[in-house]
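Student: I've got a new model on my screen and I'd like to talk it through. Can we go over it piece by piece?

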Amino acid sequence: MMGGGQQMQQMMRQAQKLQQQMVEAQEALELREFEASAGGGMVSAKVNGKRELIELTINPEAVDPEDVEMLQDTVMAAVNEALRQASETTEREMGKLTGGMGMPGMF
């Protein structure tokens, strides 16, 4: 029965190592930047891995006081695409560590 205790300790060490790797990967992902543009490049948005908008660029030609709604839609499209890229990359990178095991709500 002694072998069972050693096996358990080894499993615990492996779990701790995986947890540390996941923390390090998450921290690295939070520092990454993701950029997307919309409206033929008239608006570009940059977000970080924490899903925070860190930069928004609007070409002055995109500003039409007669069509503010178009500018709003273009900004939303650029921001949402950058956020989608950040989410997909995070899921993919974390999935590599967990072997594809779903860990809902973790990231």
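Student: Which element has the highest confidence in the protein?

Tutor: Keep in mind that this is a predicted model. The protein averages a pLDDT of 88, and 90% of the residues score at least 70. Confidence is lowest in helix α1 (residues 2-31), with a mean of 87, while the top spot, at 97, goes to strand β3 (residues 53-58).

Student: Why is one side of β1 and of β3 left without a neighbour in the sheet?

Tutor: The sheet is open, with 3 strands in the order β1-β2-β3 and antiparallel pairing. β1 (33-38) and β3 therefore stand at the edges, and each has a single partner strand.

Student: In β3, what is the bridge partner of Val47?

Tutor: Strand β2 (residues 43-48) runs antiparallel to β3, and 5 bridges join the two. For Val47, the bridge partner in β3 is Leu53.

Student: At about what angle does helix α2 run to β1?

Tutor: Helix α2 covers residues 68-98 and lies across β1, β2 and β3. Against β1, the helix runs at about 145°.

Student: Is Arg51 buried, exposed or partly exposed?

Tutor: Arg51 sits in the loop between β2 and β3. Its phi is positive, about 65°, although Arg51 is not a glycine; most residues other than glycine have a negative phi. Buried would need under 20% relative accessible area and exposed over 50%. At 33% relative accessibility, Arg51 therefore counts as partly exposed.

Technical notes. Residues numbered from 1 in each chain as written. Predicted model: local features only at pLDDT ≥ 70, side-chain atom pairs only at ≥ 80, totals over all residues. Heavy atoms only, no water. pLDDT = per-residue confidence, 0-100. Helix = DSSP H or I, 4+ residues; strand = E, 2+ residues; numbered from the N terminus. Pairing = 2+ DSSP bridges. Contact = heavy atoms within 4.5 Å. Axes fitted to C-alpha atoms, helices over the stretch in contact; angles between N-to-C directions. Buried < 20%, exposed > 50% of the residue type's maximum accessible area, 1.4 Å probe, protein only.
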